[in-house]
Amino acid sequence: MIEFRKEYFADERDDNLNEIGKPTQRQDALGHVTGRSPYYDDHLFDGLLHIRCVRSPHHHARVRRIDTSEADRMPGVVRIVLGKDVPQNLNTLLSLLDFGLDDEPLISEKKVSYKGEPVAAVIAESDRAARDAVAKVRVDWEELPAVFDVEDAVKPGAPVVNEIYPGNLFVYHGKYDHQKLRFGDVEAGFRQADRIIEGRYQMSPIEQAPTETCGAIAAPETNDRYVVYTSTQALFFSLDTTSKLLKMPSNRLHFIGGTVGGGFGGKVDSLHEPMAVLGTVLTGRPCKYMFDREEEMQVGAPRGAERWYIKDGVMNDGRIVARKFIGYFDSGAYTRLSSYAIIKGVGHLPGPYTIPNVYADVYCVFTNRTPATAMRGFGITGVDFAIEAHMDKISYEVGVDPIELRILNAYRDGDMKAHRRLAKNTALIECCQVAAEKAKWPLSRQAQQASSLRDGGGARAEMPPHTAIDHNGAVTGFTAGSYARGNKKPGQAQPVSMPQMPRHETAPVTPRYEPAARPQPQPAPVATQPAPPPPAQTAADARRTRFSSISGLRRR
Amino acid sequence: MPVRVETYERLDEAARALASSRTARFLGGGTLIMRAVNAGDQSFDTIIRARDANWSAIRAEGDGFVIGAGVTMAAVVASRDLVFLAPVARSVGGPAIRNMATIGGNLFAASPYGDFAAALLALGATVNLAGSSGRGIPIDDFLRDRERHATSLVQSVSVPRPRDASAFRFVKVSRVKPKGISLMSIAALLPQMGGRLQGARIAYGAMAPTPIRVTAVERALEGQSLDIATIERAAAVATEGIDPPTDALASSWYRREVAGVHLKRLLSAERR
């Protein structure tokens, strides 16, 4: 039962909307509950071939040799596919958005970095024949030391998980081994605070566990095209990824999706479509590639684990004056989408609160675990758990009621957020008030009368008087901008030279950036600074400019 | 290598066929074996099945019941005679699984499955093999030598009837309800004579590779009245001599920590 509290924000809302605020039946609900919705696996093809992968039993190993001679002779085997058969056998999903280096093969040739990584694919007349042949492929493994903990992975001498990023850290904007957020001066905030409250928070990976396992069926179509029925939840993303890996113009690919048997983020990785099309290209016959349940759990990418350290400077009345985050996302062996989750998460910091000094270093770490990917709200849910657990900790240690503490620190309309946008439609205060009312939780008169529409903006809309910046974690050998392609021809996405990446170490906070006084802007960076920081913005600027979803500022 | 299916009219023929092949498996309800077929299990290429009607019959005999190995969990739930076993059968899988899963198959189910076998162990059942005349094997011995019995075919299980309804208790501990898999299951036979426990049998499922007796707890209970002090003493030795497994559901440490709590609740007949 939905209860609408229309007394809130009545003047901000148009109630003459056709869909918003009204219950709407999903258009596919009838087909789902009557069992008539066609899923990709319901499409039948004469002469369908089945693809099954030979997978690594090790978390980290070099592939010395793959012997397919016995498997080749097995009844029903049509073709065995190796990494060398993949036209462009290195990709990163977000290269389509020009973000990150190609770091993951479709079928690995020399090394595997997680348990279940494919090194060969068998195409056979039946699923059983494919499985029987997979059991006959002999792989000569040289097991390597593996690393499973994010902080172990960034220590000097840790095994190199992903050779594209030898420091086991994703490189942000071609500059740093982590994503930075600097707003004000947290160290000054800590000095000003009555007390410092610290916490460590750890989340586990979570499997999306779809009822329908990931998969795709490809078949030859007229005009030299390929039709693909797929479970993907990102149809054109999968199409473009297939186009890239197979070096095939995207107009030769005809993708049909639309019925996803449970996704929750776990069906964006586009592992199956390229493999199914490749099988069809190599055999000329329809090919199906689908995870079985065990593969879905072991190989299918989960929500990644996260570890957060939060350090807050808090006044005795509960006001938070400085908040510092050190975050580690466990990306598993390859980037997939964790790099992006961090960009999103850092834009969210310090949570729905107005805190004058905020600092974050967030690392996208490679470990020998299953690569992580999307899952509902990824990048936000983990750190929100950490933030809210930490708010409760502050409440306990300072002796301020937990809901009052949130209302006291809540952002309000017109406040400047740490990512330099003005907050609007905030409503955390009203959520707290309704939650307290529902739970019959007593609130002070002051908290009851607070409103997200009042007491925001003004001084709270100003940029901090100065922001402390630094170049910790700077890397060389990577370029910003179109670094997915570097300076080379498309399709050869490697760093120009093996980058020298400093390991994770924290240098003293230098130098500081003093913003120019308005209305006479002066060039603030001095010549000794290796890279000028982005110019400080005012609230007026922030209204016109906003942080794009991936890679920087853009005009609205 | 396609999988071959051989069907026999009589159980003893099926037993002979099973005993004569290393790469044959017997199909009961198929809830375990068909999963292995689907996963392309390379260790067998033949499935043996039997149509013998006796294999799925329940009959009273002496002071107990003889339950055919092919009796399904759903049939146990529906049986008027096996009321004391109904909660155990109901705890296995969901309706679809219970319609197929057999008590014979449950005897071979690897941990953390095998909750029904744990109950049979506490009840002191006897396992009767097909094609072997003479007396059955005590379930303790059968489970201990389970690997050796991999090529045997179980015909039936003889279960003594508990003296009164409250003398047999069972709990399955799982995180997902219903249909969750066991973190552990506890089955307890608690016969009392003149207010004192006599011949108590306690069994755990999912706490070892097979269901096991918990002798330390049985010793703590034997000859005592089932009061708070006795229950405390029993709970204190809940995992003595036991090395619980770590699996995807729970760590060894966790199982060790919670075993005493669940045992205590079961013995004090606390509702959970």
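**Reading the model**

Modeller: Let us begin with confidence, as this is a predicted model. Chain B has a mean pLDDT of 94, and 99% of its residues reach 70 or more. For the model, ipTM is 0.85 and pTM is 0.85.

Biologist: How many residues of chain A are in contact with chain B?

Modeller: Six residues of chain A are in contact with five residues of chain B. On the chain A side, helix H3 (residues 127–134) gives the largest share, three residues. That side comprises five charged residues, one nonpolar and no polar.

Biologist: Which residues does a cis peptide bond join in chain B?

Modeller: One such bond joins B:Ser111 and B:Pro112, with omega about 10 degrees. B:Pro112 lies in the loop between helix H6 (103–108) and helix H7 (115–123) of chain B. Another joins B:Lys177 and B:Pro178, with omega about -10 degrees; B:Pro178 is in the loop between strand E9 (168–173) and strand E10 (184–189) of chain B.

Biologist: Where is A:His173 found, and why does it count as partly exposed?

Modeller: A:His173 is in the loop between helix H4 (150–153) and strand E7 (179–183) of chain A. A residue is buried at 20 or more C-beta neighbours within 10 Å and exposed at 12 or fewer; A:His173 has 16 inside 10 Å, so it counts as partly exposed. Although A:His173 is not a glycine, its phi is positive, about 60 degrees.

Terms used
Residues numbered from 1 in each chain as written. Chains lettered and ligands numbered in written order. Predicted model: local features only at pLDDT ≥ 70, side-chain atom pairs only at ≥ 80, totals over all residues. Contact = placed C-beta atoms within 7 Å. Helix = DSSP H or I, 4+ residues; strand = E, 2+ residues; numbered from the N terminus. Nonpolar A, V, L, I, M, F, W, Y, C, P; charged D, E, K, R; others polar. pLDDT = per-residue confidence, 0-100.
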